[in-house]
Amino acid sequence: MKRKFIYICLFSWLILAGGCWNRIEVENLAIASALGIDKPAQGDSNQVLVSILVEKPGEAEEGGGGRGTSGASSQMSGWVNFGEGNSVEDAIRNLSTTTSKRLFLDHSRVIILGEEKARGGVGDIIDFLVRSRFIRLRNLLLVASESTALDTFSITPELTNIFSEEINDLITLSAPRGANTHAVNLKDFLIDLSIYGKEAVLPLLEIRKVPVEQSPENASAASENLQQKYKKNARLKGLAVFKGDKMVGKLDDMETKGFLWIIGESHSGTLTFDILHPETKKPVQATVEMTRATAEIDTEISDGKPVIRVKIDTEGNLGEFSEPNIPILPGVMELVDQGYARNIREQVKLALNKCQKEFQSDIFGFGARLRRQHLEYWKQNNLQENWTNIFPEIEVQVEVKANVRRSGVVLDSIELR
Amino acid sequence: MLESGKITPGQAGFLMIFTVLGTSNLVMPVLTSRYAQMDAWMTVILASLPHVLLIFVMNGIRKNFPQESIVSYLKKITGKYLGILIILGYLWYMIFTLTMINRTVSEFLLTSFMPETPIEVFIIVMLLLGAWVTKAGLEVLARVATFIMPLFLISFALIFLLLVGEFNFSYLTPVFEYGSKPVIRGAIYPTLWRGEYVLMLFLWPYLNTPEQGLRSLLQSAVIIVLVMLPITTASIAVFGPLTPHMYFPTFALVEYIELVGFITRIDAVFMAVWIAGAFVKIGIFYYCICLTLGEVLGLKDYRYIVYPVGIICGALTIFIAPNVAVFENLFPTVLIPMNLLFQYLMPLLILGLIYLRGLHKEKRGEGDGV
């Protein structure tokens, strides 16, 4: 019994020893919070430029000490580093020659692709993103509009401590309120790339330059260095449209809204359109706050050709009129309803036209829908190969049911003298 | 008989659930969806047919020899030498399966958690645990299974509940996209995993009320379907066409869980529970190997050979494949023929022989009270 007890005591020490093997202390980790992938500006085009944004432990008041930091670095709490390599994995290993700590990618939340890289095709980096156990499928993907991922890392976060968190919040919390971007995480992107009859989209991230307020003392200093006058801001602007693994173009705000209507991901936002004043017959601008929207995509074969039916059902509340003295009568509400539906239809048409005629890229997933509903037809016509050729000529019927239910806290507005 | 302990039919059911789910929770969605694509969930149901058949066949066999172990009655049925040969075949099957399980679990730990640890560490640790529980006996093994079972089942329920918001059921359609053939092919693997119920041939004599074994095993078969169906469906509904490409899709599901911003990265908890489940599975195989080998060799106690068996299995686990590609290739090339032979064909043959040679109870005139 006593011997047993001694053995148990001795072996229980082994449990403590377990943590010693391959131990990595937290303070020896460089925790990357965002990953950027670019095409190198010069040199071999087969190479990739990988940049990382490392969270600095404790707010870094001493200013960004790293490379690639911009003028506004004094407020940055992240450190940007970049490395080139023949593959992503290689580039990340090369990064370690300039990173004094062990790079830890598990906690990255955002992956940014430079526009040039996206246009050149992401096929060569996808395998890394699938295979690496460090890259979580929850990572949000974005394309840096007209810039590189490396540049976007120099954006100063204003409301959060670090850029990646700001982007994360921007996409998941704020953007749905405006209905002009679409959050895509790595899993969705990979599925879009591999599924037949659907092309991928990624949100675009634009660097917006905001002038910094100048106090008279340093105005002269600022004029010497023009860059000092601007602060970089992140802005989500539209969507990047892919065809296969290559980015082929961009959707602007209106087209993005149209896209979101079709796929039923439009959650809130405002629409502005003109209606005719019931008495004076002059155009009056009306704004409607969207409260609810659903969309249904139906496919049908008529005369041996696929026809896509999009049914959009939406409700909204009256936001404002550009002219106060409009009576809220059933007839007026009907006008608003019609205008609302017309406006949605216009946005949808914009998105459809652009994708069908210009990009020839089925980002709506009509093909995937057709395959689900009419598998026989899909197989007979070998649409697996042909869908991209047929898609531009597909007839898409859009049916919008729009209802404006409420009018805010007043019925008729006050009358101006 | 070498084992003096007795377990209840319910405990036997638990043991068998672990035998199937211990590793199928990790690999099954990928093995089935590789063939059946998005119809993989159907394979779970399809595999139940041979499964239930096997349970009835085993019940038919043991009814005729209620108090005897398989080693002793096989000698009566087929003659001494052929009987020993079949038992040696079963031993080979069990040792090979044990090494496959051990390798799967070790690879899982290696790729998902500790890529820099030598694989030998996991193999040795798992086998030492298996040796320990084997030495403790069948009753202890059954109690361990009973203890882990609620945690194990809760872990699957949690995956389903925490991810239900992410499901996209449109990935499940169109049903039968590539016809029914791939679904039937895909059902082979769950059939093989369920076929591990064949271990009940070795354990059935140790039930305290053997006549209730059938009922409890059928219940456990239902539980397996109730676990595997949501898990497979969840993998497909979340990962869609990515499922066949993942190594451990259920684990990827756990990694994907993110709820209200902070319930996230809970993979280590699930890993702990699943490794405990895999440990029970290893324990069952380990135990059956030692028990049967001990009886074949005519030992007084099977515990003498626990460590030698462990050394053989440990070495085999490493030698079995130099890399993951070869290891994956073992599933279609070795596992399918071997398992079909020992899990389904052999019990059927034994049952057939019993009736052909007139060894069933009615013929022997002993009557059958049960």
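View 1. With 15 C-beta neighbours inside 10 Å, Phe176(B) counts as partly exposed. For that label, C-beta atoms are placed from the backbone, and a residue is buried if 20 or more other C-beta atoms lie within 10 Å of its own, exposed if 12 or fewer, and partly exposed in between. Phe176(B) isn't a glycine, yet its phi is positive, near 55°. You'll find Phe176(B) in the loop between H7 and H8 of chain B. The H and E names are DSSP runs numbered from the N terminus: helices (H or I) have at least four residues and strands (E) at least two.

A quick note before the other views: this is a predicted model, where local features need pLDDT of at least 70, side-chain atom pairs count only at pLDDT 80 or more, and totals for chains, interfaces and linings use all residues. Residues are numbered from 1 along each chain as its sequence is written, while chains are lettered from A and ligands numbered from 1 in the order in which they are written.

**View 2. A cis peptide bond in chain B.** Look for Thr173(B) and Pro174(B), which are joined by a cis peptide bond with omega about -5°. Pro174(B) sits in the loop between helix H7 (138-163) and helix H8 (181-186) of chain B.

**View 3. Asp303(A) between two strands.** Here's a residue of chain A with a positive phi, about 55°, although Asp303(A) is not a glycine. Its loop lies between strand E11 (283-302) and strand E12 (305-321) of chain A. Is Asp303(A) buried or exposed? Asp303(A) counts as exposed, because 5 C-beta neighbours are inside 10 Å.

**View 4. Two helices of chain B packing together.** Helix H6 (residues 119-136) and helix H13 (residues 267-297) of chain B pack at an angle of about 60°, and their axes are 8 Å apart. Those axes are lines fitted to C-alpha atoms, for helices over the stretch in contact, with angles from 0 to 180 degrees between N-to-C directions. That angle makes H6(B) oblique to H13(B); angles under 35 degrees count as roughly parallel, over 145 as roughly antiparallel, 65 to 115 as roughly perpendicular and the rest as oblique. On the H6(B) side, the contact includes Met126(B) and Leu129(B), and on the H13(B) side, Phe279(B) and Ile282(B) are among the residues taking part. Two residues are in contact if their C-beta atoms, placed from the backbone, lie within 7 Å. By class, the contact of H6(B) with H13(B) has 9 nonpolar, 3 polar and no charged residues. Ala, Val, Leu, Ile, Met, Phe, Trp, Tyr, Cys and Pro count as nonpolar, Asp, Glu, Lys and Arg as charged, and the others, Gly among them, as polar.

**View 5. Where chain B meets chain A.** Here 16 residues of chain B are in contact with 13 residues of chain A. Helix H5 (80-112) and helix H12 (249-256) of chain B each supply at least two residues of the chain B side. H12(B) gives the most to that side, with 3 residues. The chain B side divides into 6 nonpolar, 6 polar and 4 charged residues.

**View 6. Asn339(B) inside a helix.** Asn339(B) belongs to helix H15 (residues 324-356) of chain B. Asn339(B) is buried, with 24 other C-beta atoms within 10 Å. Leaving aside residues up to four places away in sequence, Asn339(B) touches Leu192(B) and Gly195(B).
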